[in-house]
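Try each task before you read its solution.

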Amino acid sequence: MSVATAFQTIGPYWHLIEHPEEADLTRFGATGEALTLVGRIIDGARAPVADACVELWQASPEAGPHFPGWGRARTDANGEYRFTTVKPGPVPGRGNTLQAPHFALNLFARGVLTRLYTRAYFQGEALNATDPLLNLVDDPQRRASLIAKPEGAAVWRMDIVLQGEGETVFIEV
Amino acid sequence: MNDPLLFRPAQPGTQPDNNSPQYRSTGARHPKQPLLAWPHTVTEATGPQFTPAQFAPIVDLSMSGGKLAMGERIIVRGRVTDEDDRPVANTMIEVWQANAAGRYNHPGDQHDAALDPNFTGEGRVFTDADGWYQYVTIKPGAYPWGNHANAWRPNHIHYSLFGAGFATRLITQMYFPGDPLLALDPIFHTVPDAAARERLISKFDLDITKPDWALGYRFDVVLRGRLATPMEG
């Protein structure tokens, strides 16, 4: 047996592999309920994280030739990222459970040595009440950090706080 | 539906802690709350599958537009396996790096060193059916950074790998043997285990070296494997 290779930070110059079209998961002609996911990332000093790489993965709808299921976006000078995609549906959880619709978000940046994993659920989704992950988070403010809020037509906002007051729930992976 | 097998947790000491004060930028960027313990589901056990048709390979970084970049041309070759020593086939590897002078082709890099119009510093390769990959590039230079007085990053090439699922995602850096800056580098030393650090250093390889053309370096990558039996968390 071998041991998995260690992480090292993505650093501030990862944009050399950035291709802005990768933030649009509908570019291959996906069909579905189109939406925009936006958010602002701030650090423990409440400063915008302006050099982050945010990656999105959604297990639903299933990835195929017209839908990669994966996207990558940069944060801008204000710490804002933006994805264009289609709304995910529910997916199975472990055992006989059902997970509410959600995005998986990986966050990489200078000063982050591994990756920070969180999820974006949808405010107002009935299945949130029985979602096995959300139900592990008792504190209402912490739980709210995992839920994107509507911001106009088909726009959802998922702000992320790396540290301190309002710190986002990050998930072991 | 069967539950997905869990991916193995990290061996103690073999992964960096996001709270690593010697690397100053971690100070305001590491979460202080514990991570939410969560057994892998379909969300974490599946992941994107990239194809060369949609993500065109860039296997030679040593020239651009038919013109040679400055610096020492090298060949990097290696194998991607999982923790059970099985090859990870057809997986995408992204690499990026500074040029021979130690400067990135990036507006944020203001190091007083030459940019090279023939070096962009981006590569993208796919492993073959047995997990092997190879690309040609220019040996990156060292460069100063603001972490502490007289701080210099050792020569390195950044790596991004995906593997089988969201859980196997890896961002790392490949270093070079014999680099005196490794002993002084806070980022390298965020990995507590000495053997795990050593595995981030490529090895000079005469078999990869192409006579009269370029030196060869070997760099293998291991992605997480799955636990043999399902385990409820």
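**Exercise 1. In which strand of chain B is Thr81(B) found, and is Thr81(B) buried or exposed?**

Solution. A word on the ground rules: this is a predicted model, in which local features need pLDDT of at least 70 and side-chain atom pairs count only at pLDDT 80 or more, while totals for chains, interfaces and linings use all residues. Residues are numbered from 1 along each chain as its sequence is written, chains are lettered from A and ligands numbered from 1 in the order in which they are written, and side-chain values use heavy atoms, with hydrogens and water left out.

Step 1: Thr81(B) belongs to strand 3 (residues 73-82) of chain B. Helices (H or I, at least four residues) and strands (E, at least two) are DSSP runs, numbered from the N terminus.

Step 2: Thr81(B) has a relative accessible area of 11%, so it is buried. Buried means under 20% relative accessible area, exposed over 50%, and partly exposed in between (1.4 Å probe, protein chains only).

Step 3: From Thr81(B) to Lys139(B) it is 58 residues in sequence and 25 Å in space, C-alpha to C-alpha.

**Exercise 2. Find the order of the strands in the open sheet of four strands in chain B.**

Solution. Step 1: The order is 5-4-9-10, with antiparallel pairing. Two strands pair if DSSP finds at least two bridges between them.

Step 1: At the edges are strand 5 (122-126) and strand 10 (170-175) of chain B, each pairing on one side only.

Step 2: Now look inside the sheet. Strand 4 (residues 92-97) and strand 9 (residues 156-161) of chain B run antiparallel and are joined by five bridges. Opposite Glu94(B) you will find Ser160(B) in strand 9 of chain B.

**Exercise 3. Which residues line the largest cavity, and which strand gives the largest share of the lining?**

Solution. Step 1: Searching the whole structure gives two cavities of 30 Å³ or more. On a 1 Å grid over the protein atoms alone, a cavity is a set of points where a 1.4 Å probe fits but cannot get out, and lining residues have an atom within 4 Å of a point. Grid points are joined across faces, edges and corners, and a volume is the space filled by probe spheres set on the points.

Step 1: The largest cavity has a volume of about 40 Å³. Its lining is made up of Glu55(A), Leu56(A), Trp57(A), Trp70(A), Asn106(A), Pro48(B), Phe162(B), Gly165(B), Phe166(B) and Arg169(B).

Step 2: Strand 2 (residues 53-57) of chain A gives the largest share, three residues.

**Exercise 4. Which residues other than glycine have a positive phi here, and where do they lie?**

Solution. Step 1: As background, most residues other than glycine have a negative phi, and most peptide bonds are trans.

Step 1: One of the exceptions is Asp85(B), with a positive phi of about 65°. Asp85(B) sits in the loop between strand 3 and strand 4 of chain B, and its 39% relative accessibility makes it partly exposed.

Step 2: Asp212(B) has a phi near 60°. Its place is the loop between strand 11 (203-204) and strand 12 (215-218) of chain B, and at 85% relative accessibility Asp212(B) counts as exposed.

Step 3: For a cis peptide bond, go to Ser60(A) and Pro61(A), where omega is near -10°. Pro61(A) is in the loop between strand 2 and strand 3 (70-74) of chain A.

Definitions and conventions:
1 Å grid on protein atoms, 1.4 Å probe; cavity = no way out; pocket = protein on both sides within 12 Å on 5 of 7 lines; lining within 4 Å.
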